[in-house]
Amino acid sequence: MASSNKKISWAHIFFLIAGLLLVIYYLLTEGVPSVSGGNFFESVAGVIEFIASIVVIIIVIGFFCYYLFAPDASVGATKALAPALLVFTLFGKYTMELGNDTANRIITSLAEVCFTLIVLCGFTFIFLRKKVLGTIFAWACLVYAIFVGVSYLTLMIMAAIDGSFDVKFLFSTMCLFFALGLMFAGGYRICRSKAWTD
């Protein structure tokens, strides 16, 4: 009797780890929600803001956990990209501030193009499974990862000159960088594989 169990591909694993890293990135950048106080209206606003933040965290983590624990038959490698891509779309935009305004505008414009390609080609690839879209998505992830890495190194050098260093910012940036790298690796493997439609 043949086994009906299906092996999880490397691309599937890469996408799930990327999703986990992006959830951690979200938690590090947005922080753990807390209730802010003050007068009555500020307290009510603080409670509503706290509840909304908790709901967003539950949705983000729940969506990721569904794809993490769903049976292989219902979630293939391509669909496993969905939670990582969703969290990246909502919270993954990375900005940098250099001393030169012209350099900021050029770099930000190029990063915006890559971000848009990742989102549009990624979601279209999940639904249509066109190899060319997967290829564009993968390379856009790599370029955006390079942008994040170079941006952070620039900011780290500037922070070292100022004498300030933020450990939380370091870890959050590393999560985003490696998540993008894993999305590139997963997308590249799918498009290079003979069974790329999985």
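The following exercises, each with a worked solution, concern the predicted model shown above.

Residues are numbered from 1 along each chain as its sequence is written, and side-chain values use heavy atoms, with hydrogens and water left out. Because the model is predicted, local features need pLDDT of at least 70 and side-chain atom pairs count only at pLDDT 80 or more, whereas totals for chains, interfaces and linings use all residues.

**Exercise 1. The overall fold**

Task: Determine how many helices and strands there are in the protein, and state what percentage of its 198 residues is buried.

Solution. Step 1: Helices (H or I, at least four residues) and strands (E, at least two) are DSSP runs, numbered from the N terminus. By this rule the protein has 6 helices and 0 strands. From the N terminus on, the order of elements reads α-α-α-α-α-α.

Step 1: A residue is buried under 20% relative accessible area, exposed over 50%, and partly exposed in between (1.4 Å probe, protein chains only). Buried residues account for 37% of the 198 residues.

Step 2: Accessible areas come from the Shrake-Rupley method with a 1.4 Å probe; for residues, only the protein chains shown count as cover. The accessible surface of the protein is about 11500 Å², and 71% of that surface belongs to carbon and sulfur atoms.

Step 3: Contact means heavy atoms within 4.5 Å. Among contacts between residues at least 6 apart in sequence, 77% join residues at least 24 apart.

**Exercise 2. Helix H1 and its aromatic pair**

Task: Compare the reach of helix H1 with its expected span, then classify the aromatic pair of tryptophan 10 and phenylalanine 14.

Solution. Step 1: The expected span of a helix is 1.5 Å times one less than its number of residues. Helix H1 (residues 10-30) has 21 residues and reaches 30 Å from its first C-alpha to its last, close to the 30 Å expected.

Step 1: Several residues of H1 are buried, including Ala11, Phe15, Leu22 and Tyr26.

Step 2: Rings of Phe, Tyr and Trp (its six-membered ring) pair if their centres lie within 6.5 Å; planes under 30 degrees apart count as stacked, over 60 as edge-to-face and the rest as tilted. The structure holds 11 aromatic pairs. One of them joins tryptophan 10 and phenylalanine 14, with 6.0 Å centre to centre and 40° between the planes, and is tilted.

Step 3: Both residues lie in H1, 4 residues apart, about one turn of the helix. Tryptophan 10 is exposed, because its relative accessible area is 52%; phenylalanine 14 is buried, because its value is 18%.

**Exercise 3. A pair between two helices**

Task: Explain why the pair of phenylalanine 88 and tyrosine 144 ties together parts that are apart in sequence.

Solution. Step 1: Phenylalanine 88 and tyrosine 144 form an edge-to-face pair, 5.7 Å centre to centre and with 90° between the planes.

Step 1: Phenylalanine 88 lies in helix H3 (residues 81-91) and tyrosine 144 in helix H5, so the pair ties together parts 56 residues apart in sequence.

Step 2: Both phenylalanine 88 and tyrosine 144 are buried. Ring pairs link Phe88, Phe115, Tyr144 and Phe147 into a cluster.

**Exercise 4. Cysteine 121 and its surroundings**

Task: Decide whether cysteine 121 is buried or exposed, and name the residues that it touches beyond four places in sequence.

Solution. Step 1: Cysteine 121 is found in helix H4 (residues 101-128). Its relative accessible area is 8%, so cysteine 121 is buried.

Step 1: Not counting residues up to four places away, cysteine 121 touches Thr116, Leu133, Ile136 and Phe137. The C-alpha atoms of cysteine 121 and leucine 133 are separated by 5.3 Å, although the two residues are 12 apart along the chain.

Step 2: Isoleucine 136 lies in helix H5. At 34% relative accessibility, isoleucine 136 counts as partly exposed.

**Exercise 5. The nonpolar patch**

Task: Identify which helix gives the most residues to the nonpolar patch.

Solution. Like charges are joined within 9 Å, and nonpolar side chains (Val, Leu, Ile, Met, Phe, Trp, Tyr) within 5 Å.

Step 1: Leu153, Met156, Phe165, Val167, Phe171, Met174, Phe177 and Phe178 make a nonpolar surface patch of about 730 Å². Helix H5 (131-162) and helix H6 (167-192) are the elements that give two or more residues to the patch. H6 gives the most, with 5 residues.

Step 2: Phenylalanine 171 is in helix H6 and, at 46% relative accessibility, counts as partly exposed. Serine 172 is also found in H6, but is buried, with a relative accessible area of 4%.

Definitions and conventions: Patch = residues over 30% accessible without salt bridge, like charges linked within 9 Å, V, L, I, M, F, W, Y side chains within 5 Å. Salt bridge = Lys/Arg side-chain N within 4 Å of Asp/Glu carboxyl O.
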